[in-house]
Amino acid sequence: MSYASHIFRHSKKLKSVPGLRHDNAILVRLLSSDAIPFTNNREYILELGVGYVPSERDRARSSYTKFYNHSKSAINSSMVTFVGKHVKSTGTNLKLGSQLVAPVLSRGLSSSLGQYRRSFSSGSGLPPHQEIGMPSLSPTMTEGNIARWLKKEGDQVSTGEVLCEVETDKATVEMECMEEGYLAKIVHGDGAKEIKVGEVIAITVEDEEDIAKFKDYKPSDAAAAPAAAPAPKDSSESAPPQPKSSSLPPHQDIGMPSLSPTMTEGNIARWLKKEGDKVSTGEVLCEVETDKATVEMECMEEGYLAKIIHGDGAKEIKVGEVIAITVEDEEDIAKFKDYKPSDASAPPKDSSVSAPPKDVVEKPTTSSPRPKASKPSEAKESGSRIFASPLAKKLAEENNVSLSSIKGTGPDGNIVKADVEDYLSSRGKEVSPASSKIDKTDETAVSGLDYSDIPLSQIRKVTASRLLLSKQTIPHYYLTVDACVDKLMELRAELNSLQEASGGKRLSVNDLVIKAAALALRKVPQCNSSWTNDYIRQYHNVNINVAVQTDNGLFVPVIRDADRKGLSAISDEVKLLAEKAKENNLKPEDYEGGTFTVSNLGGPFGVEQFCAIINPPQAGILAVGSAKKRVIPGAGIDQYVFASFMAVTLSCDHRVIDGAIGAEWLKAFKGYIENPDTMLL
């Protein structure tokens with residue numbers, strides 16, 4: 001009750017309402033944990049008669065009616081306030097929590113009132129003021145950006161005036177003022193990014209003379225976004241790593257290295273050192289089969305190889321997992337004869353990725369249905385409506401995925417875009433093994449087929465997962481043109497005669513295609529880009545990956561700065577990298593850093609036309625078909641000539657490359673192919 005009286009004493013607006021009785025009984029009813037919304041005001045006013053003598057009953061009803069009418073007009077006709085158990089005390093300040101407000105007659109921005117907090121200061125030196133928080137303007141919104149402020153510090157603001165424009169996850173929305181006063185402090189200015197919902201963005205005061213007192217104001221920790229609250233809990237629950245046993249001498253754990261950006265696990269092809277051998281810095285310890293090639297792993301420190309934990313041919317070793325132990329002194333080798341790596345030396349990825357799924361699976365079956373995590377499953381079982389964001393629905397529809405099979409992690413269990421993407425990426429891993437078992441048992445039992453199971457190499461696994469991810473998450477579209485290659489073939493013949501005369505190697509059609517593609521990327525740089533969730537990254541280097549098929553799988557070595565290199569240099573580099581790929585000797589620097597890919601099945605295999613899958617994170621790949629002779633109209637009437645045309649198809653990521661941009665790139669590419677002399681300028 002003292003809190004309620006404090007609120008009314010500090011609110012000049014409520015004190016100034018004529019005829020409003022500050023009756024403790026009314027305050028208790030209005031500020032109790034069972035306070036009912038203003039939408040039931042008529043019935044509630046009638047209920048106020050209970051417990052009053054007739055003379056007091058009418059005054060109580062009249063007082064409440066005036067309080068209701070004033071509050072309704074002062075706040076917003078589309079909002080109601082629920083006051084009670086959310087009134088909280090923080091030191092000497094009393095605040096009405098952001099949970100106190102709920103929309104009744106929604107205007108789209110009504111939820112923004114939920115981020116207004118009134119502070120009453122008695123000892124901090126600050127006058128009564130109002131903290132304006134980042135509003136939650138959509139069910140999936142967790143943070144927002146300030147596009148621009150339409151009011152500046154010191155301006156008088158009125159109810160309904162637009163304070164600023166907030167950029168949400170859906171659109172840019174105007175944020176209105178909910179109460180008259182003065183804008184004393186803007187905490188987050190124009191262009192402020194990633195402000196958590198509920199985080200204080202501005203301060204308003206009732207009296208103009210109070211503005212100067214907020215010149216150096218900074219929001220307190222209590223006013224921080226609610227999303228930050230669980231952080232201390234997580235840190236307190238996390239236990240420090242266990243120290244290693246003191247019975248072992250000083251040693252070094254050698255883990256499976258990460259030898260490429262996409263590598264998550266690797267295989268041990270063979271060890272070149274055996275247990276007990278002395279090793280020096282730079283010596284090759286073993287050969288590791290990565291997702292791209294077989295790479296030599298060098299020793300980083302002098303010592304002795306005391307223990308090999310994963311021997312020759314070991315498969316699917318996680319990055320960071322211990323594969324060997326080295327020691328400084330030779331007499332310490334025997335102490336690691338029966339050594340096994342502890343749990344603390346396991347790769348960090350396992351502890352952070354494999355643990356949560358167990359909680360998700362086990363909690364709904366063992367705990368009460370109150371946690372939010374169980375809400376989506378209950379809704380699906382009961383057949384009730386499934387809530388999902390528009391982006392999530394669209395992505396699920398594009399990939400023929402039922403929303404009922406996806407667990408939502410958004411507010412109140414809503415399904416958001418990230419949930420669908422996680423499901424799509426995991427579906428390939430979870431469904432494929434099960435389906436392969438079913439297919440195998442069905443085929444053998446029913447048809448009695450004769451077959452052989454070919455073990456999957458590491459590069460085959462990674463190629464499969466990355467291409468599956470590409471087709472499931474990248475919106476592909478395809479553009480095809482036919483380019484006349486007669487002039488290109490003539491230029492190639494002239495250049496090859498010069499190459500042979502000077503002792504150089506012959507140029508291939510693919511070399512000219514790579515050069516033309518690189519120059520077209522320099523001319524249309526939008527196609528030399530990649531997509532991230534926050535921005536589109538446009539590259540200033542034109543690095544062309546060239547698809548090379550080998551007995552070990554598909555490799556894509558890279559020609560760096562292809563737009564700046566001559567045809568002879570490109571030809572020599574392609575031949576060298578192709579040879580290294582066939583010998584499985586590519587280094588990470590030989591295939592990393594590409595910005596665009598060219599795949600040619602025309603020259604080697606005679607394929608006329610095909611569509612290639614984009615190599616993520618790139619935004620485009622060019623599929624080159626074979627050249628075919630056609631009859632085309634000549635210069636005069638009834639005249640016909642023969643010409644060779646090559647079909648090329650550009651696969652584009654529609655998130656990065658719009659159709660007109662892709663067509664512009666193909667036009668530039670075709671221009672270089674049909675007039676190859678321009679490539680030499």
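**View A. A patch of negative charge on the surface comprises E301, E302, E328, D329, E330 and E331.** The model is predicted: local features require pLDDT of at least 70 and side-chain atom pairs pLDDT 80 or more, while totals for chains, interfaces and linings use all residues. Residues are numbered from 1 along each chain as its sequence is written, and side-chain values use heavy atoms, without hydrogens and water. Patch members have over 30% relative accessible area and no salt bridge, with like charges joined within 9 Å and nonpolar side chains (Val, Leu, Ile, Met, Phe, Trp, Tyr) within 5 Å. Asp and Glu count as negative, Lys and Arg as positive, and His and the chain ends are not counted; a charge is placed at NZ of Lys, CZ of Arg, CG of Asp or CD of Glu. Accessible areas follow the Shrake-Rupley method with a 1.4 Å probe, and for residues only the protein chains shown count as cover. E301 sits in the loop between strand 18 (294–298) and strand 19 (303–308); helices (H or I, at least four residues) and strands (E, at least two) are DSSP runs numbered from the N terminus. With 37% relative accessibility, E301 is partly exposed (buried is under 20% relative accessible area, exposed over 50%, partly exposed in between; 1.4 Å probe, protein chains only).

**View B. E287 and R270 form a salt bridge.** A salt bridge here is a side-chain nitrogen of Lys or Arg within 4 Å of a carboxyl oxygen of Asp or Glu; this rule gives 18 salt bridges. In the pair shown, the closest N and O atoms of E287 and R270 are 3.2 Å apart. Because E287 belongs to strand 17 (residues 284–289) and R270 to strand 15 (residues 265–271), the pair ties together parts that are 17 residues apart in sequence. E287 is buried at 16% relative accessible area, and R270 is partly exposed at 43%.

**View C. Two further salt bridges are R506 with E500 and E573 with K565.** The N to O distance is 2.6 Å for R506 and E500, and 2.6 Å for E573 and K565. R506 is partly exposed, with a relative accessible area of 44%, as is E500 at 47% relative accessibility. E573 also counts as partly exposed at 22%, and K565 at 23%.

**View D. D561 and N584 have positive phi values.** Most residues other than glycine have a negative phi. Phi of D561 is about 50°; D561 lies in the loop between strand 28 (558–559) and helix 15 (567–582) and is partly exposed, with a relative accessible area of 22%. Phi of N584 is near 60°. N584 is in the loop between helix 15 and helix 16 (588–591) and counts as buried at 18% relative accessibility.

**View E. The peptide bond from P616 to P617 is cis.** Omega is near 5° for this bond, whereas most peptide bonds are trans. P617 is placed in the loop between helix 17 (602–605) and strand 30 (620–633).

**View F. E209 lies in the loop between strand 13 (200–205) and helix 6 (230–237).** E209 is exposed at 58% relative accessibility.

**View G. Residues 387–424 carry the UniProt annotation "domain: Peripheral subunit-binding (PSBD)", from an unreviewed entry.** UniProt positions are given in the numbering used here, feature names are shortened, and annotations may be inferred rather than shown by experiment. The end C-alpha atoms of residues 387–424 are 18 Å apart, and the span is 45% helix and 0% strand.
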